[in-house]
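Let's walk through this model together, going from the overall picture down to single residues. Keep the viewer open as you read.

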Amino acid sequence: MRDFIESSARSAPDYDVAIVGFGPTGATLANLLALRGLKVVVFERDKDVFVLPRAVHFDAECMRVFQTIGIAESMLPDLFIGPGMKFVNARGELLIDWSRPPGIGPHGWCASYKFHQPQLERTLRTQLAATGLADVRLRHEVFAIDEREDHVRIRFEDTAQGRLSHTTARYVVGCDGARSTVRRFIGTELADLKSHERWVVVDVLLDRERADLGDYSIQYCDPERPTTYTRGPHNRRRWEIMVMPGDDEHRLGTSAWIWERLARWITPADAQLERSAIYTFHSVIAQGWRRGRLLIAGDAAHQTPPFMGQGMAAGIRDAANLAWKLADVVGGRLPDSLLDTYESEREPHVREFIETAVQLGTVIQATDRAAADTRDREMTAAIRQFKTPQPRLGDGYHDAAQGGQIAPQPCGADGARLDDAVGYRFALVALDELAQHAQAALDTERDQPVVVVPAGDGALRDWLASTGARAVLLRPDRYVYGVANDPAGVDALLERTGVYRAISRQAALA
């Protein structure tokens, strides 16, 4: 028997989860998995953080994820709170007003933050290193993935040493971008949402304060040359310039070409060019985010035009949705089929954002003069007040009638944010008598996968009252699983988290 046990231990996979790609999505996923105690390996082909900016915006829901990881407060000094976006035509007339509330919102954070991506990535990496639960392999490129019955064998090259090696993990997640290697091994196809336009993205560092440029992002819907302006933190500013028919491909994106395009706003006397790059803004969604023990997230699973600032945010949501599911499956609390709900929930959610971005793109990218004139007449006659979509999750691990929406983050009577009291776990927010009933059941559970939060006086109780329920079960990603109004309903909610099955197992062993 001892030989069998030792042989089984030797054959166990080296890691619980292997992550391919160490950008914001991969680093967020690794941090969340580490919070749940999983052993993680991360493969990244580059030797360091890419030093130039790419994504520039995230929202309050992402900030809650960073709060859970433990980096939100430290990030604040280097963030700029975005007041919103305005769409104007060639004459400067307002077409769409997408203003964001200026203060702390229902998620406990502001609605819009501008950031510098390399700084975010370094912060995520530093936080992950502090956990001691992740093996990060920079300059390592995965070239083969062999799926087995109970694990995955990953073959890779240490490009710094020119050495080939392999390791094993229970699951592999590809956070490896638009040209994802993991997606190729899954064999999934991309659904095309029919928006593919070339733009030149220009980042500058201002030499002095330029309050006249404004804090709002501006979409200049000029058919002669659609252009975007956005403010970043401190002295960072970005312009995105649409490539037009007739542009000289030899001059496109050169310093001279860029300064000609920016002359309306700034000159070389005002700023330094930090970088420029020519991008094609794609709109695609992978049709298959999982095959067995292989999964994809972030740009590997979906790509969006930037007109809603939701590209990176979608990847952060992927990580928050997937990490707790992997943890509960690896830990044996919930079945492997739970991982099928990752795509079924996230695909419709991200699709709504991408389709909305494509629709906004038709406003911004109209280059036919007659069509633009018609647009201007219709939209200036009734200026559209745009609100950020708040889509529900698709079908999956939540009550179809009463769950699937993101929950707010009220503060307790002591001013503490809800998520800080909960951590990356399930939470049952309940009135006193139902909270006591749930806690009595959970007292026999050793690792407390569900945190019971009594809704006393104040914002928590007010939020619970607004739901019309006496208890609400929140998933670790802060989406509502379901509601209850009596002890039997609470028992049913806890059963779905796997708590009672764990208690039953412990009782049988005793």
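With 510 residues, a compact globule would have a radius of gyration near 24 Å, and the protein chain comes in at 24 Å, which agrees. That radius is taken over C-alpha atoms, and the globule rule is 2.2 Å times the number of residues to the power 0.38. This is a predicted model, in which local features need pLDDT of at least 70 and side-chain atom pairs count only at pLDDT 80 or more, while totals for chains, interfaces and linings use all residues. Residues are numbered from 1 along each chain as its sequence is written, and side-chain values use heavy atoms, with hydrogens and water left out.

Taken along the principal axes, the C-alpha atoms of the protein chain fill a box of roughly 75 × 60 × 40 Å. Inside it you'll find 15 helices and 26 strands; these are DSSP runs numbered from the N terminus, with helices being H or I of at least four residues and strands being E of at least two. Of the 510 residues, 54% count as buried, where buried means under 20% relative accessible area, exposed means over 50%, and partly exposed is in between, with a 1.4 Å probe and protein chains only.

Now for charge. The protein chain carries 61 positive and 70 negative side chains, and the centres of the two sets lie 3 Å apart. Lys and Arg count as positive and Asp and Glu as negative, leaving out His and the chain ends; each charge is placed at NZ of Lys, CZ of Arg, CG of Asp or CD of Glu.

Next, some helices. In an α-helix there are 3.6 residues a turn, so residues three or four places apart point the same way. Take helix H12 (residues 432-442), where Leu434, Ala435, Ala438, Ala441 and Leu442 are buried. They cover an arc of only 125° around the axis, which puts them on the same side of H12; the arc is that of the directions from the helix axis to the C-beta atoms. Gln436 and Ala440, on the other side of H12, are exposed.

Helix H14 (residues 487-496) has Val490, Leu493 and Leu494 buried. Down the axis of H14, its buried residues fall within an arc of 95°, so they line one face of the helix. After H14 comes Gly498, with a positive phi near 90°. What do the buried residues of helix H7 pack against? In H7 (residues 255-262), Trp257, Ile258, Trp259 and Leu262 are buried, and the buried residues of H7 pack against strands S13 (197-206), S16 (236-242) and S17 (271-281).

On to the loops. The one between strand S25 (471-474) and strand S26 (480-484) holds Arg478, and Arg475 lies in the loop between S25 and S26 too. Arg475 is buried, with a relative accessible area of 0%. Leaving aside neighbours within four places in sequence, Arg475 is in contact with a list of residues including Asn321, Trp324, Glu345, Tyr397 and Tyr481. The C-alpha atoms of Arg475 and Leu428, 47 residues apart along the chain, are separated by 8.9 Å. As for Arg478, at 6% relative accessibility it counts as buried, and its phi is positive, about 75°, although it is not a glycine.

Another non-glycine with a positive phi is Arg139, at about 55°. Arg139 sits in the loop between strand S8 (134-138) and strand S9 (140-147), and it is partly exposed, with a relative accessible area of 34%.

Finally, Gly332 has its place in the loop between helix H8 (311-330) and helix H9 (340-364). At 45% relative accessibility, Gly332 counts as partly exposed. Ala366, in the loop between H9 and helix H10 (369-381), is buried, with a relative accessible area of 14%. Neighbours within four places in sequence aside, Ala366 is in contact with Pro223 and Arg375.

Note on methods:
Contact means heavy atoms within 4.5 Å.
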